[in-house]
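Reader: I am new to reading structures. Could you take me through this one, term by term?
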Amino acid sequence: MNQVHHIATRLLDVPMEIILDILSHLDVHDLVRARRVCNDIRQAIDFSSELLYSMDLEYFNAIPVPSIPGSDYSIPTLRKSLLQSESAWQKAEYSKRNPIAIPHPPSMHQWSCGVLGFPVESLQQIMFFQPQLADGHSNTINLRQWSCQLDSAAALRLEHYNFSVAEDLVILVFRAPSGESHAYDIIFRSLSEDKVHREAAFPSVKALDNEVDLELLDPYTLRSSIFGDYYGVLFRNVNKANGEVADCLQIWNWKSKDTFQCLEVFDPACKTMNFSFLTNERILVVNARELLLYSLVHAPNALQLTAKFSLPALHSPFEYACIGFSPIPSHACVHNQMIALSMDISGGSLTKNPCFTSYVERNTLLKLESTYVSCYGKATEDSPDLPWSSWGPDHTRSFEESSFDPCKHSVIGFRTASLVGNQNSKRPLCIRDFNPHRVVDFKAGNGTKRNQRLVEGGEILPNSSLFLEPLGSGLPYLETTTEEKFLSTDMTMEVNRVNTASSSMSFCRASKYLISSSFFYLEHHVI
């Protein structure tokens, strides 16, 4: 005991700056354990804003704010901002802003990090709008507006686009001119400068340059995703010149001069529906029967199948009509993230397709890859799926929601938001927090309990009889529902605010698109 005391005494004789430097090399879990060593080390940690901020980021699964010259982004300020923002979310505190009108009715619109984009054919451009706070004491929203210009010939051939605020990137997909041997030209532009992206290895690449019947391509079946250096497009129901039909997933590293690209062809009988990047190395593909996990690093210029997970089986004659993912922002690639798997069901005598959304943690799917290999070895097209009963009930949480409702399952980190109720009337906002740290603290009696309730265990869903297997109920969560109700036809969620949008018809039957923002935290716009 004397020897231990002597060592501790010598450690605490070291200058505090050196102790803090040593502690700064520990990860968050080791810092938590270090606080239990003695009062002196606990006080050293508790009086360090840097160490406390790193622990808070891990606890809330939050993304650090990048340093911006001229702004007060000191560590104490950032920590205060984070704690106030989290408190406001938990209490459902918000400040409603006056709505603003978009000058052009949007079609084919998309959201990315609070920016709304849509093409305006008459102006031969893609317009972008970003609602911003006027100041912390006003109900006014400023609307930043800019555009990506298209030449007259190219504008007529635009069939798809996508953009990423984090990558300052706009990707335009044009139908190739008549006479070309490929189907599409894909252009990489800067979102902020309206020119070729400065980091793009090539200004454009060709897509589907194999034997494809260009006349039968349907642009409305395209699905695309941007994740860091990678861009992928899923072309569904591609008619080949030899009469065969296939689903094709093509992926590019748009920054690489090696023009890394890979093309994966799927059997259309499997009804491939969507895909999503989980990380820079893993891609999740979903069809009407299963989830398929692919690796980008195990094989050069090709996708390597690494795991297969079955979806919950349905009673006959029901089937999955459409399955989609919530996109994972590339700036959150090092943080865990909830994934919303939205499944529309059709068949039988259903007059309206029911929709079920299952939430699962991204890290859970990555860990289940090892489980799959342990059970079945290397994955192949003929190897079995990991049964839903082995992973779904314990690792997911399922809800029944309205089909074709754009105001559902917005996801940021462990937090999700949806408007609940009849789409034709004002609806409250339901916020669900799947953060396991917060769930544990809530059960222990820590933190606010106003407007929140803890949901654990299984809940019987109205149409769960459609399934042969029980749906997921393994993820506990905290639920907060706002007293305020919103009339909205679209919604997007950011780290510290929710943007809602609605379409209204004026007396001259011209459509007006209105955006209003509910800011859950007003002092800083955390990116």
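Reader: How many helices and strands are there in the protein chain?

Author: There are ten helices and 30 strands. Both are DSSP runs, numbered from the N terminus: helices are H or I with at least four residues, strands are E with at least two. This is a predicted model; local features need pLDDT of at least 70, side-chain atom pairs count only at pLDDT 80 or more, and totals for chains, interfaces and linings use all residues. Residues are numbered from 1 along each chain as its sequence is written, and side-chain values use heavy atoms, with hydrogens and water left out.

Reader: What makes the pair F227 and F277 stacked?

Author: Rings of Phe, Tyr and Trp (its six-membered ring) pair if their centres lie within 6.5 Å; planes under 30 degrees apart count as stacked, over 60 as edge-to-face and the rest as tilted. The centres of F227 and F277 are 6.0 Å apart and the planes stand at 20 degrees, so the pair is stacked. F227 belongs to strand β11 and F277 to strand β15, 50 residues apart.

Reader: Why is the pair Y372 and Y376 called tilted?

Author: The ring centres are 5.0 Å apart and the planes are at 50 degrees, so this pair is tilted. Y372 and Y376 sit four residues apart in helix α8, so about one helical turn separates them.

Reader: Is Y372 buried or exposed?

Author: Buried means under 20% relative accessible area, exposed over 50%, partly exposed in between (1.4 Å probe, protein chains only). Y372 has 0% relative accessibility, so Y372 counts as buried.

Reader: And what does Y376 count as?

Author: Its relative accessibility is 32%, so Y376 counts as partly exposed.

Reader: Where does R144 lie relative to W146?

Author: R144 lies over the face of W146, at 4.0 Å from the ring centre. The rule asks for NZ of Lys or CZ of Arg within 6 Å of the ring centre and within 35 degrees of the ring normal.

Reader: Why are α2 and α4 called roughly perpendicular?

Author: Their axes come within 10 Å and cross at roughly 80 degrees. Axes are lines fitted to C-alpha atoms, for helices over the stretch in contact, with angles from 0 to 180 degrees between N-to-C directions. Angles under 35 degrees count as roughly parallel, over 145 as roughly antiparallel, 65 to 115 as roughly perpendicular and the rest as oblique. So α2 and α4 are roughly perpendicular to each other.
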